[in-house]
Structures are given as C-alpha cells and as structure tokens.
Amino acid sequence: MKHLQVGKDNEIQASGSEDKMSNVDNSEEEADEDEDEEEDEEEDEEEEADDGFSDEEEKTDENNKRKLPEQGGKQAKSAKRDSKDGSLYKLPTMEELNTLRETQMLYHSNLFRMQMEEMLMEVSMKEQYRQQLDQWFVQFSTHLKSMVPSSEHKLCQTKWMDENGVSDPLVQDMPKARGTFLFAAPTDVQFVGSFASGTITTRNCSVDIMITLPKKCVHAADWRNGRWLVKRIKYLAWIAISLQNKTELVADLNWTTHLGSSLRPVLQVTPSGKLGKKWKVNLFPVPPPESFKAKRFSPERSNLQPAWFFSEEAKMETLPPTPHYNWACAVDIVMLEHLQLLRDCVKKHPNLAQGIKLLKIWLAQRELDKGVGSFSGHLVTLLMIHLLQTRKINPQMSAYQVFRNVIVYLGSGNWCESGPNMRAPSHADNSTLEDFHKLYEVVFVDPSGMVNMTANLIAADYLRIKHEAQLALSFLDSSAADSFEMLFIKKVEIFQLSDQLLRMRFFKSDAETVLSKTIPKYQELVMDALGDVQRVMLSSIIQLLSKGLGDRVQLLVPMRKPPAVWPLHQPPPAFKKIFIVGIVLNPTTASALLTKGPPADSPEAAIFKKFWGAKSSLRRFQDGSFHEAVLWAEPQQSIGERRLIPGKICKYLLRLHYRKKGKYVYIAKQMEGFLCHPYYKMKYNYATGEEATVSAIQAFDSLSRKLRSLDLPLKITAVQSTSDVSRHTRVFPPLAKALRVTGKAIEASGNYLKFSDLGGLYQNFDYAIEVIVFLEISGKWPDDLEAIQAIKAEFHTKMSDLLQKDSVTTVVFPKFLQILWEGYVFRVRVSYLREIYLQRLVETPQGDWQEQDTAASIQLEKHIEIIPRFTTALASIQADHPSFSGGVRLCKQWAGSQLLLPHLPHIAVELLVASLYLNPAPYMPPSTPHVTLLRFLHLLVNTDWKMTPILVNLNETFTVEDVAELNRLFLTQRSAFPHMFIVTPYELRSVPSTETSGDLQRRYKLASMWTKTSPSVQILYRSKQLAEAALSFVNAKLLKGVLNFKTIFRPSSDDFDVVIHLNHKHLCRLNESVNWTSPKPLKIKPYERHTNELMPIVMFDAAFLYLKELRDAFNHVALFFYDEHGGKFVGVVWKPSALLPQELKVGGLEGQQLVGVKEVKQVTNIEAILDDFQTIGVDLVRKISVKNT
Amino acid sequence: MANVTSLVQGFKVVGLKFCEESKGVHQLLWKKHTVRIHSECKPPDRTLFVVNVPPYCTEEAFQRLFSEYGKVQNVYFHKKPTSGPPQSAKYPHFSIVTPVLGFKVAYIVFTHSSAVKKAMAVPPSTVLVLSTKEHPVLTGVKKWHQQYNQQFISRITLNKEIKALISEYDKKKEQEQAASKQEPDNEGWVTVTSVKKKKTHMKKIDELKNKKNKKKKKKHQLVNFYTFQHRQTKIDQLAQLRKKFEEDKRRINLMKESRKFRPY
C-alpha cells in the first residue's frame, strides 16, 4: 500500500480521506450480517464513542495533515488497514483490560496463565459425573439408612465374615480385640474431603463418604486396645456384605487403606454404570460426636496395654505413649470438624480451590500424594487453610499466587523441629507442640490440637517435599525454563531423580531380631504400630544412612509404592522387606575421600567410633589437630572409582549395624562400566576415562605453549582445540601409548610410518586432535583463496622446521601440520578469519561481487568461529559438573552402539546432554553418568520434537530477546527449521542492531545449524523407539535389582534390508566395542620419550573409510548404519523411493538400470550395487546377507 | 539384464562389470558429445559422453577400457554433465575444488573421431570388465592403504607448488595494478575500464552511517510530547499486549492439539 510510505503532504491527505471513506462504507454495511471481524470492530468503536479512544482515527489523520513527526499514528493506521492485525487496535472492553492487567500482576506470565487454565479444566471432574455421583449418592445413602440392625456379636468373631466371603483386612498378627459389635443403620451419610470442598482432581479418582455410626454401636471403652479400629472394620464388612448382591448400585467392592496405613483399611466401592469406570467411593465410618472424651486420643496418651499386645509375659513398668495408634483413631473423630472448616474456608473462595488443585497436581507428578508417607490432598487443604488463617495468603489471590505462596512456605520451614500448629484457641489445653515433636518425626497439628496430620511421614518424606518445593520455586523464578511444564506436566520418577540407588532386601525374622537390638524402644514402637514395622524399619535405615553420608548427599528418597487395593475376599497383601532408596548426591562433596569426625579428645569421639566401628581411626590433619576419621579411598583413585564412595559407606554401615542380615545392591557403576578400557596398564587407573581426557588436554596445553613460543613471521595469538577430546566428550579419548615400531604391515619412511606393500594386518587406531591457530592481524594476506592456502602451508612448514630443531616429530601435509607431542598426535591448522568473508563473496552476473552465505563459508565459519567457542563452553560445563564427561560419553556410547550416530549428529548428542545439565528441571543437575544416560533416554522418548525447541544456553549468553525471538521464529516458521531444533548462543551472529528484519534474519540464520541435514523424521522416530525399549528395560531391571545392562548396548541387525558383515581383523577400533572380549589381553604400555620418534599411522580406520565411500556413492538409494566403536556389521536400509521404477533422467543416472521395452524407466540396480558393496570394501567385507522379503 | 533396445534417447547401453567374477552388472550409457557451447578440451566430434559411471572407475582404467575403440587422449570425470572445461586444479594440493565422489559422468576424448563411431557401434550385449588380472583396479583395504601413503607429500614438491602459486598470484596482482594505472595515450586520454574487484565493505559502511544518523535523529526527537502521542503509545502498548496474548493463545492451541495438558 503506497500511502503507508508517507512522504508527501498530498499523499497523506489522500490516504486520510480514503480512510474516512472506508469508514463510511462500513457503517453503511452494518446491517449486513455477513460482515467480517474487522468491520465488527469498527462498529464497536462507533458505539462506544464516549470512551475517549474512538476518535483516534480522525485525529491521527489530522495530525498527519499537520505534518507532525510521529510514527504511532501511521502504525496504527497501517495496522487498521491490515485485516489480520486489525483486531489488535480495537477498543478494549473493561473485562479485557482487567484480564490483561491481572495477568501481569497476578500471574507468572500470559502463557502460564493460559496453560494453567487449560490444565485445570483438564483435571476437573466432569459435570456429567458430578450429577451422576449425586444421584448415586442419594440411592446409596437410602440403602444404608434402610439397613436392618443386627444382634450383638463378639468383636473378635469373624465367622459371619468368612461365611460371606469377606476377609479381615486388618494387620494379621494383631491380638484379638475384646468387646462386642452390633450393626445399626448409620445416622448420617455425607460427602467429605476433596469432593465436598470442590478440590477434587481426576488424579485421585476416589470420593470419600463419611458414615456416622449410631450411638448404640459405640461403647465408651472402645478407645482401648484397638477396639475402635476393629469395630470400624466390622461395620464396613457388614455394609460390604449387604452390598455384595446389589448390582444395580455397586459394581465392585475392594479393600484399600487410608493413607497407606495398615491400621486403617477402608472399603472402596465402585458404583455401577459408567460412573464406576472413572470414579470410586471410599467409605469412612466415624463414631458419633462426643462418644469419646476429647483428650482421649491426645498423642501422649497410652491407649494400648502392653499386657494385651504382648500377652502376659511382656512387662513394662510404665505405659508408653501410643501416638500412631491414637492418630489412627482420632482421624475419625475429627473428620466432622475438618469438614466444617473446609466448607467454611474453601467453598467460598474458588481461587483457593484452584490453588489446592494445582498443588495436588504438583504433588501427584512427584508421586507424593498417595500411599504411605504421602502428603495427602486433605493435608494440602488444611495447610492452605492454615496459611489463610495466618494471613500468608488471602482469598483475593489468584490460583497461581496461592500455589506460589504455599510453595514458599513449604520450602522455608522445618516441620521436623517446629511444624505448623493449627490448634484453635478453644483447644488450648491440649498437648503442646513440643510434645508432638517428641512423639512424631514430622508435625502438623490440626485445628483440634489433637491430631498430627503428618503422623505417617518420616523425616525423609518431609525433606523430599521441602526439596521439591525449593526446586519448584527456583523454576518459577528462572526465566529460562518453561516452568509450567516442569512443575505440572512432567512426571518426576525416582529412577530419573536419583544419581545412585540402593536396594536392600531383608529376611524377615532376622531383620526383626536385629532391629529389636539396634533400635531403642523397639517394642514400644511395634506395639504402637500394632505390629506393622515397615515404617519403623525404613525410618531407622534412612536415619542410619543419612547420618553416615552426611553432606555427601542432598536427599535420600525412599521409593514408595502406591497404596494397595485388594479384593474383598483376600487377606491384605504381605509386606515385602525390600527397600529402594534413591540417592541424590551433592556433587562437590560426594566423592570426598575422608569422613572427618570430632577431635580425638572430645566426648563425641567415642560415639563416632562406635558408629563407624573398626574403620574409624585417629588421623592427624594439616592444621596439626587430631581427629577421628574414616578413610574411604586412596588419593590416586580415579574419579570413576571415587564416585562410588557413597555406596561403599552405605554398604559398610548396613553390614556393620544390621550385620549380614540383608542383601544390599548398590546401583551406580554398572552403566559406567561401558566406558572402561579393560586392557590399559598405566600409572593411573583408566576407570571411566575422565583422567585420560584430562591428560590429553594437558598435553594440548603444553603444545599450545610451545607453539606460542615459536619465532614465526607473524605471532600466534590463539591456539584453540576443536576436537571432541577438549570438550570431554570423546567416548574413548586418545592415550599416550608407547610408540609402534615397524612390523609386517607398516614400514618406516623418513620420520613417519606408512603401510607396506606386504599387506599385513594393522589393528591400531590413533586419534589426532584437531587444533586451530590464529595469527596476529596482518594486511599482507592475499585475497585469493588458493593463495591463502599456500601461505598457510608456508606457515606450517616454518613451524615444522622450528619444531624439528627441538627434535619434535612433525609431518607437513598440504592442509595441516601433524605433530607428535607427548605421545599424542595433533593436527594443527593455521586459520585466517577473513577467509570466511572471502568465501562468502559470490560473483553476480553483472560482474560485481556480492556477499552471501555459501556452503563453504558456513562450513568454515562453523569450524573456525563457532566450534572453538562451543568447545570451551562445554569444557566449562565439565568444570561445574564433574559427571558431565562421563555422562556425555555414556550417552554417545549408547547412541553409537544403537547405530544412531552420526545420523543423530555427535554434536547434537553433546548438546542434548548439555541441556540436561543446564536445564535439569524438574530435577537437580545429574551427578553421575548413570542418571545422565537415563535422563537422556527419557528426553529422546518424551520430547515432541515438532513442538519443542531446545535452547542450550551455554554460558548464559542468550539475551532475553534472543529467547523470545527464537521461540517466536520456531512457532511461526516451524517447517523451515530442522526436525530436531537445537540452538546455542554461539551460532547467533552478532549484528549491529536488531531493529531491521535483515539484521534479524542474519542473526538467526544459522540457528540449529548442527541438525540442519539430519536427523530425519525417521531417525528421530527410530531413536525414540530404541530409547523407549532401553528405558523400560532398565527400569524393570532396576526394580528387580538385576544389573546387567549390556543388552541395551547391543544393536539388533533384524531391521536392516542388507547386513554387511565385516572382517574383524581389519577393524582398528574393535577394542572399543562393548561386546568385545579379546582372546589375549591387549596390553597398552604408557608412552616414553625417545629421540627420533616415528609418526604413527594416524586416523586410519578402514571401516570409517568404507562407510564414507558407501555414503558418497549410495546416499541417494540407501541409509547406512554402523557403530563407530568397533561395530561388526553395517546395516543397510533401502530408501523406499529407490525401489520403485522412476522416470528416466539420463543425466542423473547413479547406479540405476533401465527397464521396460516400450516405455523405458530407470530402477535401482540392486544386484550391481550389492556387488559394489563387496567391491568397494574388498578384504574388509566378510559376507553380505540380504534379508528376504 | 533388462531387455532394452540398443539406443535409449540416443544413448548406447553397455554393461560394465568390476571383474570377471562379479555377478552384478552396471549399465554404462554413452553417446557422442553434443552441446551448444563448445569447449576446446572436449571437441564434439571426438568426445564420447558416458553416464552412470560407478565410483571406483579411475581415469587409467577408462583409458584402457576405451582404447579398444581408438586411442584415448583424455578422460574427464564430472559429477554432473557439463560442457565446460574440466575442473582440474593447477595446484592439486591447494585446490579448493571438491573431488568427484560417488557415481559420475565421464567425457572420453579420442584422438580420432572414428573411435566415437566405433564405440557407438558396439553390439548391445557387450559387457565390459573394469579390473583385469593384468591391470587390477585397487579397491578396499589395499586402496585405503595406498591412499594413506599418498597423503605424504615430499617437502620439495610442496615447496615448489607453494612458490609457483604465490608467484602466480603476485603476477596477477601486478597486472591488476597495472591495469588500474593505465598510461595516457599520445593524445593524453586514459581509457577507463571497469575492473573486477572484490569490493570491500562499502555497503556496510553506508548502512552503519545511516544507522548512526538515525540514532542522532532519535535523540533529537521529542517523545510523547503531544497528548495524541501519549495516547498512541498507550494504544500501542495495549496492542502489543494483545499481540502477545494472541500468540500465546495460538501456542496453547498447538499444545492442546498435542495433548500437553494431560498431566497424567
């Protein structure tokens, strides 16, 4: 539109009038129903003329006429004209303004708000079910209320239950309760919990119903010796029997537990019909109000008699408090009170209800909301009310703010020392907070002041929640991550969370005897739990471990099972004495060699000694003090071995304290084993190869110093490595090996080795580290590309001469200088930055030179500008996270062994792993290679590459605008970018400003350059499938404690059309293979300096050369898969298009043959190509097998 | 082998085996080289144009193979058919020309035009054999060994090449300079011709200047001086907010499609 380029007066006027004209037109058309949106808006404008904005249009026109130097009006007008942007400038309604403003103030961001609303909609209970449930409830409660009362039974009698096929769901070894039981129809039936307060989510598909027993069913002495707990079961059983045949009402009946507590089984009813497929109903019988004295179940009271529990023999002088038993009973008593509170507080404030839902989802994704030691939904609701009462949150807050404030609160306090107390002033005479803390590990006192809501939690459970809350807060505060997804959508799994795992199996009877000796007051605790010792055991184990590990770990995460649901006629599932504890390491201290104890003369020394047993010894420290200490490893041990110290400690302590009464498996090193180099005899142990990488880098550093010291015509300003070794990402870093002497296969020629004509075998692979060198700026460089190569060669020769004077072995090649330095081989290339610019110049048809990106210039830019910076950035990740190297290399080893490399480019794998370290949410950064691999697999499985851009913020160099712009570009031009989109800050070019679109384009032109050509959609799909299989295999094995993971590193040859088997004798890198076992150990001796060293055979790998020729020749018809780490076969997959006859294009024939008589077509000449596979790889190829189709 | 007529689009179809024992047979297609633009090195009457040449065919092997039809003067390989001269590098070690890899096309220049006719007259069932016992074509491990050994270039050849290249470059530069400083002729006129030159950053400098000016202008401008301007910025801000809102909405919809909101 020409009038947009406002330059002259009359033009503006013309445009102005035009505008008015169109306006008039619109108003005339108002009656027309088929108006498009834009016109609608204009209509709006005229209606709300008194809003102050409406005459904006006329005004701007006038302003233009007055030739005022502004742009806003123009823009506004141009936007108006553009039908798409038009809606942006319509008048805001009050509501819209409010939403926009609210979003800014009350929510994290626009997107966050919308995501949140979408998700809440998704998890809310459907109205349809709500109505069905209400209807069902009416029928159900009439049924209950119409039930016929029974005669009196003995409480311990179960005959009537057995006859009707209902088993006793209570703990089996509990002594029999005395007293009588009598059924009578309930006085009241009503909804409680999340359904009543409107905070129910689809995650926890059970609705709670409270059934109030009539007065005559409950005796005054029922508080005693488990009678109430038995009575409520009998009551439920009676109901269950009556429901068994009511198929029109009930589809299924099961037992389950309340909060995983074996003391409190509940009856789970599945309503019949469609409702029951989604929702279940839990029944909670409660005693009528005031049937027990208020303080009867205060935690410090003793309500169980040892004489009853242990029969007559056991004698205890005083009656011990029974806090957990009291909790189990009191929960029923306070249920009504809680319900009223819920109704008062939550129902009135929809935002709070939404906030509670958010918290529930957050907990559910961390598997913290169910089972033993869970942070139940009811607890969340009470906590919210507590915060409301203490004015930490207010009802005006948005759901997001509510969530955030609760998270802040959870992350800050310490409920193990002073938990929140909701006790109402009216209950002030109840036990104090201190009493609670003495009796429970974690405390949250309910409004009655009687019940500890967190009675079932052990300290580790609480610490986990606290840790998660702190993490959540950090995600919310960080701008980088998509915090919404991290908090609410991504599942947090224990195997992904823990750096290492400990799996313990106890043999039942043994364990109990040991425990009874090690845990003080064990008998009391057992009685309190009515014989269910699981919690007691777990708590004591975790206490032991966390004391032993100290600050080596950030977190010990016991693995919890979801609560059991079992059929009515079965006994409760037996408790298995298998514990899996996840260990989240503290990377800085985890591998400390020494556990330092108290000074030798302090009284704590004795305790320390007793705790650590024989391993503790007296040591003198550098400051001259003497301390008790335990030494775990010698200082010369490798990083790989030192990573295993926490496991050593755990196993030692468990053996010491629980003796050999269990089986302990430490899961950490099994995966890392695949990085080992078994036949390596060196000063240091190779282990997982971190040290080998470091010593290669040290050699590079000393070479760099040497090069800088050379007296060249131009000084060397920078020496940079572009090799993956310097990024710590080469799976098997080069080693300084003893040099080879000549043999049958190789002969000396000058100062280097070459292949002889005798054709012997050569099975060694030496890797050359690529180095680039920059010289100081000079104006004398030629501006001809070939001449530049010659000048570079001259520098190489000069360097070579100078180095040879110092008797360093060097060989000059036309394009680089090869140096043998401290047993490593380096390839040095002089680089000239202006060459990129010269490569970019393209001659136009007019005979001018124009600057534009060419393939060669981009390639050069990548190699001499981007990769060196990228290399240092990855090296700095290694400096921050010592496990990075091992992690990346393990992931590469896996990808290699599954033949995904280089279809999934090496650098892409490195970047993905780097992103796992820089963006670890929802976890901490990984601290062991093991967990890095698991998360990498998880990433491959669960990333929707079409929707997810991976921004790897190396060194935090992305600007906020970059992130926004890249996201925008990704969203709007998805198809223009590679299938796997990975951007680092280093491929963004610097531009003078980001205002013009040309500059913007220039800046983001190379985004995701690493994955430009591959992986293809097919490869992504395959990598997803492979990762999925590997991950499910590993998870299953971890759960069982079987630890052979070799399977996931074994490629399958089934999927390939053609398999080319290679001759092992010619595979130079066979010893890198996971599946390789050498018939005779191949001992590698360390390097020693000699004079007149011979340059070894470098970078010669027959399989690699074969692959290259295959790909060069047949890339258009087939894909080739090969494991670069000594793979024994090459897999070939024909491209589907290559197998079909195609139109003949004589000029483009590449290995096709002609078919057809009348109409000649071309088709791939498979037979000849199969023969070519053999021809090209003569000697290397052993056999070619073709899959029959 | 497929049953094909002897000529396809003017091409002769001939079989090619790597060696006697090979089972697979590739098809070579050849015809007389005909193009509009003539090049001296590929005289049309004496040149045979061959397509679908397998990657392992070497110049020597083709020289031998085609000498059956007449004396071969030259064999040129290209990735794609081209009428231009072969991209042979004068300085092989510093060449920036990419080598021809994979399947290729060949131009075989005979000394006499009769050879081309002879080649076109071969019977259709002919199968040529590339590698014979007397003249084996190296492939596989042996070839790679040889390649490895050939990477090593003696210092003398290397130095020679460097010198030649640089002196040629210097000469070229001198000529360019001479061209730009032409002597006036006897009447005192200087002929000015356009000289191809790699222009430096002229365009860029202009851009930069413009930008600087813009910045200056901006500094002098009064922002939000008039009420309408003030109002306008407000409206713009709102529009900006809305735009973001719309964008986010779109994103949400995309996410919805990919079922991103099912937390469980």
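**Exercise 1. Is Ser807(A) buried or exposed?**

Start with the ground rules: this is a predicted model, in which local features need pLDDT of at least 70, side-chain atom pairs count only at pLDDT 80 or more, and totals for chains, interfaces and linings use all residues. Residues are numbered from 1 along each chain as its sequence is written, while chains are lettered from A and ligands numbered from 1 in the order in which they are written.

Step 1. Find Ser807(A) in the loop between helix 29 (785-805) and strand 20 (809-812) of chain A. Helices (H or I, at least four residues) and strands (E, at least two) are DSSP runs, numbered from the N terminus.

Step 2. Apply the cut-offs: a residue is buried if 20 or more other C-beta atoms lie within 10 Å of its own, exposed if 12 or fewer, and partly exposed in between, with C-beta atoms placed from the backbone. Ser807(A) has 11 C-beta neighbours inside 10 Å, so Ser807(A) counts as exposed.

Step 3. Check the backbone. Ser807(A) is not a glycine, yet its phi is positive, about 50°. Most residues other than glycine have a negative phi, and most peptide bonds are trans.

**Exercise 2. Which residues of helix 1 of chain B are buried?**

Step 1. Helix 1 of chain B covers residues 59-66, and its buried residues are Phe62(B), Leu65(B) and Phe66(B).

Step 2. Look down the helix axis. The buried residues of helix 1 of chain B fall within an arc of 80°, so they line one face of the helix; the arc is that of the directions from the helix axis to the C-beta atoms.

Step 3. Recall the geometry: an α-helix has 3.6 residues a turn, so residues three or four places apart point the same way.

Step 4. Find the cover. Strand 5 (72-78), strand 6 (104-110) and strand 7 (127-129) of chain B are among the elements over these buried residues.

**Exercise 3. How many residues does each chain give to the contact?**

Step 1. Chain B gives 77 residues and chain A gives 84 residues.

Step 2. Helix 6 of chain B supplies the largest share of the side of chain B that touches chain A, 20 residues.

Step 3. Sort that side by class: 41 residues are nonpolar, 19 polar and 17 charged. Here Ala, Val, Leu, Ile, Met, Phe, Trp, Tyr, Cys and Pro count as nonpolar, Asp, Glu, Lys and Arg as charged, and the others, Gly among them, as polar.

**Exercise 4. Find two cis peptide bonds in chain A.**

Step 1. Go to Ala921(A) and Pro922(A), which are joined by a cis peptide bond with omega about 5°. Pro922(A) is in the loop between helix 33 (906-918) and helix 34 of chain A.

Step 2. Move on to Ser1014(A) and Pro1015(A), whose peptide bond is cis with omega near 5°. Pro1015(A) lies in the loop between helix 36 (997-1003) and helix 37 of chain A.

Key. Contact = placed C-beta atoms within 7 Å.
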